[in-house]
Amino acid sequence: MRARYGVPLTLTAVGAAGLAYAAGYEVRSFRLRRVTVPVLPRGMRPLRVLQVSDIHMVSGQRKKQRWLQSLAGLRPDFVINTGDNLSDPEGVPETLDALGPLMEFPGAYVFGSNDYYGPRLRNPARYLLERVQGRHGLNGNAPVVGAVHNPWEELRDAFDAAGWVGLSNTRGRLKLEGVEIALTGLDDPHIKRDRYAEVAGGPESGADLSLAVVHAPYLRSLDAFAADGYPLILAGHTHGGQLCIPFYGALVTNCDIDTDRVKGLSTHTAAGRTSYLHVSAGCGTNRYTPVRFACPPEATLLTLTARD
């Protein structure tokens with residue numbers, strides 16, 4: 001019996017233990033990532049930017065709500081929300097409750113596909129198959145039929161009322177104490193809502209700093225931002241791979257960016273120009289795949305400093 005069944009039983013036990021850890025502990029093991037990015041003009045004071053992304057709020061996620069509320073204690077100069085706030089059409093009130101303390105700070109936002117549409121049950125193995133076949137989201141698949149529409153307008157109205165700047169295929173500015181930040185954003189490339197031609201032209205003159213913001217870091221968007229000379233691009237969407245292999249990393253990114261840049265700070269070069277790129281691993285998951293492994297949920301505090 002030991003020879004015939006010992007190995008399969010051991011593998012089953014290890015798999016069950018891994019699933020219990022991924023679904024019972026790590027998915028709620030919220031972390032704060034701290035990153036320093038040298039993108040400011042010389043002589044300018046450092047700026048602290050809190051990036052939150054991929055909250056995927058589902059009704060009843062009290063620990064996530066409390067953790068997001070606690071981030072206000074960091075006292076950032078401003079907040080950037082890179083989308084996918086919802087994973088439940090009923091989750092808007094709890095999302096706004098969680099973000100309420102952060103909405104007291106200046107901020108800006110873009111939306112992701114899950115803000116617009118409710119999640120669908122999907123075999124996680126399809127992400128691996130799509131990667132092998134070179135298909136990514138609706139960029140390589142048939143359009144979704146019969147999708148549930150989320151009440152994203154309620155999120156938009158609340159963010160706007162708090163003074164946060166909407167950046168869906170548009171530009172905006174944040175005025176801080178003695179500092180003016182120009183922002184350029186795109187709607188979600190994952191569902192082909194990005195319209196770069198409407199915001200092309202590069203950083204604005206007269207601002208102390210220009211930033212680019214997008215939910216999903218598809219290469220066409222990163223290429224456009226970098227070629228136009230933006231010093232820093234902020235994105236989310238990837239969940240850091242969500243289910244990663246220890247000491248190896250992510251298997252998928254759910255877009256066409258490479259797995260080496262699935263989360264954290266890196267660079268992106270296009271047309272001879274290089275931008276810093278920060279991709280948040282986010283702090284939530286799709287409600288139908290509430291697991292994380294070797295990829296804890298996170299938000300990021302970016303400290304922007306003067307260029308060398």
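This is a predicted model: local features need pLDDT of at least 70, side-chain atom pairs count only at pLDDT 80 or more; totals for chains, interfaces and linings use all residues.
**Gly202**

I then looked up where Gly202 is and found it in the loop between β7 (179-185) and β8 (209-213). Which residues does Gly202 touch, leaving aside those up to four places away in sequence? I noted Arg171, Asp228 and Tyr230. I also checked Gly202 against Ala227: they are 25 residues apart in sequence, and their C-alpha atoms are 8.3 Å apart in space.

**Aromatic pairs**

Next I turned to the rings and got 11 aromatic pairs for the structure. One I looked up is Tyr109 with Phe111, a tilted pair at 5.3 Å centre to centre with 45° between the planes. Both Tyr109 and Phe111 are buried.

Why is the pair of Tyr116 and Tyr117 called tilted? Their planes are at 55°, so tilted is the word, and I have the ring centres 6.5 Å apart. Tyr116 has 4% relative accessibility, so I wrote buried. Tyr117 has 28%, so that one went down as partly exposed.

I followed the ring pairs onward and ended up with a cluster: Tyr109, Phe111, Tyr116, Tyr117, Trp152, Phe159 and Trp164.

**Charges over rings**

Back at Tyr116, I found the charged end of Arg193 over its ring, 3.8 Å from the centre. I also noted Arg287, which lies over the face of Tyr288 at 6.0 Å from the ring centre.

How values were computed: Residues are numbered from 1 along each chain as its sequence is written. Side-chain values use heavy atoms; hydrogens and water are left out. Rings of Phe, Tyr and Trp (its six-membered ring) pair if their centres lie within 6.5 Å; planes under 30 degrees apart count as stacked, over 60 as edge-to-face and the rest as tilted. Buried means under 20% relative accessible area, exposed over 50%, partly exposed in between (1.4 Å probe, protein chains only). A charge sits over a ring if NZ of Lys or CZ of Arg is within 6 Å of the ring centre and within 35 degrees of the ring normal. Helices (H or I, at least four residues) and strands (E, at least two) are DSSP runs, numbered from the N terminus. Contact means heavy atoms within 4.5 Å.
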